[in-house]
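Reader: I would like to go through this model step by step. Please begin with a local detail and then move to the whole assembly.

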There are 2 protein chains.
Amino acid sequence: MHKTKIKIAEDALDANTTIAQANRADFDRAEVRVVNMMSAPGAGKTSLLERVLHDLDDVRVAVLEGDVQGSLDADRLATLHVPVTQINTDPGFGGECHLDANMVRSAIPSLPLDDIDLLVIENVGNLVCPAEFRVGEDVRVMVASVAEGEDKPLKYPLMFRTCELVLVNKIDLLPHLDFDLDRFLYNVEKVNPGAERILVSARSGEGVEEWREWLVRAAAPAAAPA
Amino acid sequence: MHKTKIKIAEDALDANTTIAQANRADFDRAEVRVVNMMSAPGAGKTSLLERVLHDLDDVRVAVLEGDVQGSLDADRLATLHVPVTQINTDPGFGGECHLDANMVRSAIPSLPLDDIDLLVIENVGNLVCPAEFRVGEDVRVMVASVAEGEDKPLKYPLMFRTCELVLVNKIDLLPHLDFDLDRFLYNVEKVNPGAERILVSARSGEGVEEWREWLVRAAAPAAAPA
């Protein structure tokens, strides 16, 4: 009988990381790129998706929608004729404030992975815990609303630090706010040097084309990070 | 030797509830009323406190400030010459997205309980977990920004349901938003019938006097719920 030694490293992967890697392997096998989209409540994730999902060139997309309760956002996105799967963190998971890798894993059988190129996971609205749980994504996008104030990168640094793209939303409101955009972008740069930023307004449409093109690029295998 | 029977009820109190009651007992002994203030990130808790804390009639107030990292809000409030104690949930507690009763308990020795009538606890910006953890408060206030959309009571019902007062902030932005105020108030009523609501703008000052008076009343022993 052969013995196999398993080395338990001090930085042994926790359960979430292990499951996230299993998810990622499934996504890779199906050649599906995955975007994990996060923000504070009401920053505009769903509105920004509504703006672009119907027209992603030839990219076939599905959405995995995370909410504590209900399916308000999923219902909105389903009208775009995009496959939407809902995860509620309340009944099954005890009111969790984030998606974790195991919740996403439980949804994989419901996802049409063989028929899509891109999966967008819309996380629970929260700037803390979603950043702590990888779910098998290729890239992370966060939406920051200018109505939230320019100090948010400093107060929730992990969220801003772990994202490849920061969508600065609701810029149509800038004339009506005491919001220092330069200071905000400086704070983003401070916690995440070189992070991509797109200024956007889901309401006015400004920046939406740039966001759409970013998402199309994210769906291309070559564009995904190793 | 006398034997004491301890009945373990099926709904045995969990550790957080036990500690919250211990906090509450300490606050009661010192005759201090406690307001737990919660909201999504950037809804305006600190700005609304800045507006009123310097002028609460004869009420002596202190603030317990909860943040994942940093002391930006505490620094702002300290300029009002109000005693401010900072709790960071990151270094000591592992990046928690809420205050719990034990964190507040750890801060009690730093609080000037004998010299105040009112303690305002500014919770971590998050609409999910803070609602699940009582910390020993008498009343709960949540701030909802109109920039967050009218669906929030339905998406985060526990938060709206467990508050005595909903401060509807940033109403100066209403002319610039697709926000249905009646629908929002209907949604609040749906999850928390009879909840008090104050429409307010920390920026324009509208509603601030009503908010100030509410806080003064909350500090009076007679006004506190049993």
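Reader: In which helix do A:Asp73 and A:Arg76 both lie?

Author: In this predicted model, A:Asp73 and A:Arg76 are 3 residues apart, about one turn of the helix. The element that holds both covers residues 72-78 of chain A, and it is helix α3.

Reader: How far apart are the closest N and O atoms of A:Asp73 and A:Arg76?

Author: A salt bridge requires a side-chain nitrogen of Lys or Arg within 4 Å of a carboxyl oxygen of Asp or Glu. A:Asp73 and A:Arg76 form such a bridge, and their closest N and O atoms are separated by 3.8 Å.

Reader: What relation do chain A and chain B have?

Author: Chain A is superposed on chain B by a rotation of 180 degrees, with 0.0 Å of shift along the axis and an RMSD of 0.0 Å. That is therefore the relation of a two-fold axis.

Reader: Which residue of chain A has the C-alpha nearest the axis?

Author: The axis in question belongs to the 180 degrees rotation that superposes chain A on chain B. In chain A, the nearest C-alpha lies 3.0 Å from that axis, and it belongs to A:Asn126.

Reader: What percentage of the contact residues of chain A recur in chain B?

Author: The same surface serves both copies. The share of chain A contact residues that recur in chain B is 100%.

Reader: What is the volume of the largest cavity?

Author: The structure holds 1 cavity of 30 Å³ or more. The largest cavity is lined by 13 residues, and among those nearest its centre are A:Ser145, B:Ser145, A:Glu148 and B:Glu148. By class, the lining has 5 nonpolar, 4 polar and 4 charged residues. The volume of this largest cavity is about 60 Å³.

Terms used. Residues numbered from 1 in each chain as written. Chains lettered and ligands numbered in written order. Predicted model: local features only at pLDDT ≥ 70, side-chain atom pairs only at ≥ 80, totals over all residues. Heavy atoms only, no water. Least-squares fit on C-alpha atoms with pLDDT ≥ 70 in both. Contact = heavy atoms within 4.5 Å. 1 Å grid on protein atoms, 1.4 Å probe; cavity = no way out; pocket = protein on both sides within 12 Å on 5 of 7 lines; lining within 4 Å. Points joined across faces, edges and corners; volume = space filled by probe spheres on them. Nonpolar A, V, L, I, M, F, W, Y, C, P; charged D, E, K, R; others polar. Helix = DSSP H or I, 4+ residues; strand = E, 2+ residues; numbered from the N terminus.
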